[in-house]
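This report describes selected features of one protein model. The sequence and the structure are shown first, and the description follows.

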Amino acid sequence: MRDFDVLIVGSGLAGLSAALHLAPTHRVAVLTKRALNDGSSAWAQGGIAAVLAAGDSFDAHVEDTLVAGAGLCDPEATRFVVEHAPEAIGWLRELGVPFSEEAKENGGGLHLTREGGHSQRRIVHVTDATGAAVQQTLIERVRRTPNITLFEHHTLVDLITGTKLGLHDPACQGLYALDDETDEVLAFRAPHTILATGGAGKVYLYTTNPDTATGDGIAAAWRAGCRVSNMEFIQFHPTCLYHPHAKSFLISEAVRGEGGLLKLPESAGGTRFMPKHDERAELAPRDVVARAIDFEMKKHGLDCVHLDISHQPAAFLKEHFPNILARCAELGIDITREPIPVVPAAHYTCGGVLSDLAGRTDVPGLYAIGETACTGLHGANRLASNSLVECMVFARAAAGAIAAAPSRGSADLPAWDDSQVTDADEAVVISHNWDELRRFMWDYVGIVRTNKRLERASHRIALLQAEIQEFYANFHVTRDLLELRNLVQVAELIVRSAQARHESRGLHFSRDYPSLAEPTAPTVLVPAD
């Protein structure tokens, strides 16, 4: 058994930020199922939203967030994040993150860009690779920080609560994790556990997310007795590069923020189409843009639409979007001369484990931060570039709550018992089920939903759950099996939440309930006793 003061599952911006805040006073273990840099944070292109310009205000940032969230943002959580955002940017600058700056002849200072849904330029960025630059800075700092022990290639199996151990105290006592290198399930014990495992984009066939985004923390927290909220609100990014050799490559929101225009391909007329869908045109929130693209693709029988920024000078594109320009060039697309073929793809999980302003969940000693959590900030639709700042604000808040928490003892944890299981004889079943799940979630629980589609998805999920549980109970666990088990659980939560919302709001659009319902409220699911 491995003993620590705090266990952190996940090595993205939320997890590593929390580790750095806790390290001066606590022995911290960071577990991540692959390498440190394999999560979603490193993929973030656009930037981090914060009020830093003279003409901007907290009230304006709050209002933009509330408008994008379509009436379901929690006002207290929204203001909490917005007001702590500048402090978070300052902390990253102290760590050495090389944010893009204005030219000296323009006065210097941070260069702020604008993205869809924002009324002001308030996006701090590192060209078009903000997440990668921030992650690299944090990883370098974490690796040389005493009191932080890293466990790469360790996959969360399940949380261990007092309830599961038959104790009167229901608190989280630690967790089981599969060491991929030794194929052994290990017990980790600590009075505090933070889930920072990211979202669940891999539940869909097409996603901008890395392969690690399998909803592990959400599923584990649900099994441990935590409520989840707003799981029906899956954000589909409007512009993922459409190319057979471009796996999960995102075309940043900032391309539209800097003048990129969405057009039909020449075969369908080549005309710009966003102005007829929304007066904000290309700068409308993501849910509006994604539905517009989905509508045009279905109307014209298209595989993709075009995002054209070739009217901007080549030097401008090289300065602002060097990574997008280079990646497209590798695939034979010169964005200085031609449009980029794009399609919507599952991007961000707005819902998650219900948590408070300190990241606390329903289970004592268990915290959820980052995309794993549902803080109330995002409501029915996340405003662009609010996610990275949410990671940092709640990482600091959770660290503060842990530092102030009264000390408590930890129970003895039983070793993982796999004496009654055998090696799986048909691993192909796992890959087949994984593929089936992602395809029917894309077909039935995508950008546009109906009651019938949700019923079909629910029926298939029930069949898969029974089959996967039989595997879990009878065979040695593998990372693929654990991820599939979590994805099926998250899929069930998404479908149940979607079935409970009898309206169209934000990211949830139903043909059976096309109007807004009043009053409205967050969707909250409660685990059975």
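Is Cys 226 buried or exposed? At 0% relative accessibility, Cys 226 counts as buried, a class that covers residues under 20% relative accessible area, whereas exposed means over 50% and partly exposed lies in between (1.4 Å probe, protein chains only).

## Basis of the description

The model is predicted: local features need pLDDT of at least 70, side-chain atom pairs count only at pLDDT 80 or more, and totals for chains, interfaces and linings use all residues. Residues are numbered from 1 along each chain as its sequence is written, and side-chain values use heavy atoms, with hydrogens and water left out.

## Cysteines

A disulfide is a covalent bond between the sulfur atoms of two cysteines. Under the criterion applied here (a pair of cysteine sulfur atoms within 2.5 Å), the structure holds zero disulfides. Cys 226 is accordingly in no disulfide, and the nearest cysteine sulfur, which belongs to Cys 172, is 8.5 Å away. Cys 328 counts as buried, with 0% relative accessibility.

## Strand pairing

Strands of a sheet pair through backbone hydrogen bonds, either parallel or antiparallel. Helices (H or I, at least four residues) and strands (E, at least two) are DSSP runs, numbered from the N terminus; two strands pair if DSSP finds at least two bridges between them. Strand 8 (residues 154-161) has eight of its eight residues buried, so it is largely enclosed by the rest of the structure. Strand 8 runs antiparallel to strand 9 (residues 172-179), and seven bridges join the two. Within this pairing, Asp 158 stands opposite Tyr 176 in strand 9.

An open sheet is formed by three strands in the order 4-6-5, with antiparallel pairing. Two bridges connect strand 5 to strand 6 (residues 123-124) in the antiparallel sense, and Thr 113 faces Ile 123 of strand 6.

## Aromatic pairs and a ring cluster

Rings of Phe, Tyr and Trp (its six-membered ring) pair if their centres lie within 6.5 Å; planes under 30 degrees apart count as stacked, over 60 as edge-to-face and the rest as tilted. By this rule there are nine aromatic pairs. One of them is the edge-to-face pair of Tyr 206 and Trp 442, at 4.9 Å centre to centre and 80° between the planes. It links parts of the chain 236 residues apart, with Tyr 206 in the loop between strand 11 (192-195) and helix 5 (216-224) and Trp 442 in helix 11 (residues 428-444). Tyr 206 is partly exposed at 46% relative accessibility, and Trp 442 is partly exposed at 22%.

Trp 442 also pairs with Phe 236; the ring centres are 5.8 Å apart and the planes lie at 65°, so this pair is edge-to-face. Phe 236 belongs to strand 13 (residues 234-241), 206 residues from Trp 442 in the chain, and is buried, with a relative accessible area of 3%. Ring pairs link Tyr 204, Tyr 206, Phe 236 and Trp 442 into a cluster.

## Charges over rings

A charge sits over a ring if NZ of Lys or CZ of Arg is within 6 Å of the ring centre and within 35 degrees of the ring normal. The charged end of Arg 382 is placed over the ring of Tyr 348, 4.3 Å from its centre. Arg 485 lies over the face of Tyr 472, at 3.8 Å from the ring centre.
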